[in-house]
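User: I would like to learn how to read a fold from its model. Can you take me through it step by step?

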Amino acid sequence: MRWWGILLVISALPFGMDNKPTRKIALARKLRKEMTEPERLLWARLKERIDGVVFKRQQAIGPYVLDFFCHKVQLAIEVDGGLHDAERDGKRDAYFAGLGIETYRISAVEVYRNADAVTDGIRLRVAGILR
């Protein structure tokens with residue numbers, strides 16, 4: 001098989017619900033530029049390493065884009081604003097649980113109220129996973 005045949009096979013592999021990884025990556029890039037204020041407040045704290053772990057923002061995984069994700073501890077951080085749907089979030093969380101990723105949901109109001117305390121909660125969650 002020639003190299004372009006291998007590329008065709010790889011490009012035919014499923015990725016997400018719409019089978020278009022480039023769409024999700026483009027969306028993640030757009031969301032990085034258009035972060036909400038609570039996401040900005042939390043990112044200002046998460047971009048500094050927490051206990052040696054690195055978080056990425058607006059990470060595309062499967063059919064979804066996570067607000068923040070740490071590969072080392074398989075932890076997703078989702079900042080929930082007023083538009084979040086509990087049923088949809090449950091399906092999303094189940095999808096990530098199937099991949100071995102824990103989802104930690106935080107209210108945008110809590111981030112506004114005390115971003116440092118929210119960051120401390122994330123630090124405790126990371127420490128618990130690393131043990």
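**Reading the rings, the sheet and the cores**

Analyst: We start with the rings. This is a predicted model. Ring pairs link Tyr64, Tyr95 and Phe96 into a cluster.

User: How many aromatic pairs are there by this rule?

Analyst: The count is four. Take tyrosine 64 and phenylalanine 96: their rings form a tilted pair, 5.6 Å from centre to centre, with 55 degrees between the planes. Rings count as stacked under 30 degrees and as edge-to-face over 60, so this pair falls in the remaining class, tilted.

User: Which parts of the chain does that pair link?

Analyst: Distant ones. Tyrosine 64 sits in strand E2, and phenylalanine 96 in helix H4 (residues 86-98), 32 residues apart.

User: Are tyrosine 64 and phenylalanine 96 buried or exposed?

Analyst: Both tyrosine 64 and phenylalanine 96 are buried.

User: Now the sheet. What holds strands together in general?

Analyst: Strands of a sheet pair through backbone hydrogen bonds, in parallel or antiparallel fashion. Here the sheet is open, has four strands in the order E1-E2-E3-E4, and mixes its pairing.

User: Why is one side of E1 and of E4 left without a neighbour in the sheet?

Analyst: Strand E1 (56-61) and strand E4 (102-107) stand at the edges, and each has a single partner strand, so one side of each has no neighbour in the sheet. From one strand to the next, the twist averages 45 degrees.

User: How do E3 and E4 run, and how many bridges join them?

Analyst: Strand E3 (residues 75-80) and E4 run parallel, joined by six bridges. Glutamate 78 has arginine 105 in E4 as its bridge partner.

User: Which helix packs on the sheet and touches E1, E2, E3 and E4?

Analyst: Helix H3 (residues 37-46) does, and its direction makes about 30 degrees with that of strand E2 (64-70). Helix H6 (residues 115-130) lies across E3 and E4, at about 165 degrees to E4.

User: Where do nonpolar side chains tend to go?

Analyst: In soluble globular proteins they tend to be buried together. In this model the largest nonpolar core has 21 residues. Among those with the most contacts inside it are Leu42, Leu46, Phe68 and Ile122. H6 gives the largest share, four residues.

User: Beyond its neighbours within four places in sequence, what is leucine 46 in contact with?

Analyst: Leucine 46 contacts Phe55, Phe68 and Ile122. A second, separate core has seven residues, including Ile61, Tyr64, Leu66 and Ile101. Tyr64 also belongs to the ring cluster with Tyr95 and Phe96.

Notes
Residues are numbered from 1 along each chain as its sequence is written. This is a predicted model: local features need pLDDT of at least 70, side-chain atom pairs count only at pLDDT 80 or more; totals for chains, interfaces and linings use all residues. Side-chain values use heavy atoms; hydrogens and water are left out. Two strands pair if DSSP finds at least two bridges between them. Helices (H or I, at least four residues) and strands (E, at least two) are DSSP runs, numbered from the N terminus. Axes are lines fitted to C-alpha atoms, for helices over the stretch in contact, and angles run from 0 to 180 degrees between N-to-C directions. Contact means heavy atoms within 4.5 Å. Rings of Phe, Tyr and Trp (its six-membered ring) pair if their centres lie within 6.5 Å; planes under 30 degrees apart count as stacked, over 60 as edge-to-face and the rest as tilted. Buried means under 20% relative accessible area, exposed over 50%, partly exposed in between (1.4 Å probe, protein chains only). A nonpolar core is a set of buried Ala, Val, Leu, Ile, Met, Phe, Trp, Tyr and Cys residues joined through side-chain atoms within 4.5 Å.
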